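Me: I am new to this structure. Please pick out one part, the salt bridges, and go through it closely in one connected answer.

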Amino acid sequence: MKEKLEHLSAEAERALSTAEDRNQLMQVRSQFLGRKGKLTLLIRQLGTLPEQERPLAGQLINQAKNSLADKIDHRLAAIKEKEENQQQETLDPTLPGRRLPRGSTHPVTHVNDEITGIFTAMGFQIAEGPEVELDFYNFEALNMPPDHPARDMHDTFYITEDVLLRTHTSPVQIRTMEKHKPPVSIIAPGRVYRRDSDISHTPMFHQIEGFMVGEDISFSHLKGVLTAFVHHMFGADCAIRFRPSFFPFTEPSAEIDIQCVICAGKGCRVCSGSGWLEILGSGMVHPAVFKMVGYDPEQVSGFAFGMGIERIAMLKYGIDDIRLFFENDVRFLDQF
Ligand code: DAH
């Protein structure tokens with residue numbers, strides 16, 4: 001039996017040394033260790049031995065089996081490593097990389113960047129203010145005392161009696177002038193909130209406020225700056241008109257219309273047949289506002305304006321439902 005075992009072990013050793021790939025190794029394994037393998041069958045012959053010799057013989061056979069199994073595993077691991085290395089060798093570093101899908105800026109961000117870019121190029125600086133605002137800054141300091149009828153125009157989200165979500169970016173005017181001496185020229189983009197929801201209103205939307213205050217700032221400056229803005233934004237040949245209006249914090253006030261971008265002024269559904277579209281409110285800062293921030297209205301003057309970013313984006317891209325901006329449908333967002 002011992003001889004037989006040595007003989008078989010040597011045979012297995014030889015088979016192992018000539019095996020070159022995974023298949024051949026598997027063959028060696030089944031040949032010697034499989035259910036009908038030569039070493040396996042040897043165990044079955046233990047019964048033919050005298051009883052005292054069986055334990056030792058069994059042990060020897062198992063040792064031989066284990067040692068062969070280890071060697072086969074070893075060789076398999078080596079082959080696997082070699083295969084992996086070969087795979088690396090076939091890697092072609094000159095192949096072009098796989099493109100990762102790239103996101104795009106949200107149209108509101110895009111238009112916001114464009115508008116702020118136009119004004120910063122003219123020398124305006126960017127300012128910000130809180131979205132959770134005091135009634136004082138949102139209304140009172142803007143010449144809208146508690147019983148002022150203009151407050152009705154804003155459907156306000158109140159948090160407490162005197163804390164609210166700002167309904168416009170105009171409070172940034174007050175906060176900035178409180179902190180800085182004139183001259184100041186500021187642009188203030190940000191979120192605003194109103195209790196309103198339909199095809200052209202969402203409870204949250206974006207505005208950009210702007211103002212320029214200093215000595216001798218006149219209505220001509222307002223007209224010059226805003227005309228330049230419109231021409232950058234909508235094209236140099238876009239017709240524009242200033243229409244008298246009213247805001248409590250400006251006097252005089254004007255709304256600015258551009259020629260309808262849909263019908264080019266002929267009159268259509270979008271412009272209600274007028275040929276014009278309103279794009280922003282503006283005016284000369286009211287003396288009462290200057291007094292609120294400690295500026296002397298005899299010394300300084302200035303203009304201010306405010307516009308809705310979504311509205312500008314809608315006009316620029318011909319979008320007819322403001323809610324599309326906030327549905328996050330990638331098919332819509334991808335187009336910008
Ligand atoms: N705050 C106004 C609104 O939300 C817009 C506005 C109008 C801002 C005239 C101004 C301005 O600064 O001068 O409707």
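Reply:
**A network of salt bridges**

Arg241, Arg243, Glu255 and Asp257 are joined in a network of salt bridges. A salt bridge here is a side-chain nitrogen of Lys or Arg within 4 Å of a carboxyl oxygen of Asp or Glu. Side chains of opposite charge can pair when their charged atoms come close.

Some notes on the source come before the details. The model is predicted, so local features need pLDDT of at least 70 and side-chain atom pairs count only at pLDDT 80 or more, while totals for chains, interfaces and linings use all residues. Residues are numbered from 1 along each chain as its sequence is written, and side-chain values use heavy atoms, with hydrogens and water left out.

Take the pair of Arg243 and Glu255. Their closest N and O atoms are 3.1 Å apart. This pair links distant parts of the chain, with Arg243 in strand 6 (residues 240-247) and Glu255 in strand 7 (residues 250-259), 12 residues apart. Strands (E, at least two residues) and helices (H or I, at least four) are DSSP runs, numbered from the N terminus.

Arg243 also meets the side chain of Asp257 in a salt bridge, at 2.8 Å from N to O. Because Arg243 belongs to strand 6 and Asp257 to strand 7, this pair ties together parts that are 14 residues apart in sequence.

The residues can also be described by accessibility. Buried means under 20% relative accessible area, exposed means over 50%, and partly exposed lies in between (1.4 Å probe, protein chains only). Arg243 has 28% relative accessibility, so it counts as partly exposed.

The protein itself is divided into domain 1 (2-90) and domain 2 (107-333), with bounds that come from an automatic or database domain assignment. The C-alpha centres of domain 1 and domain 2 lie 85 Å apart.
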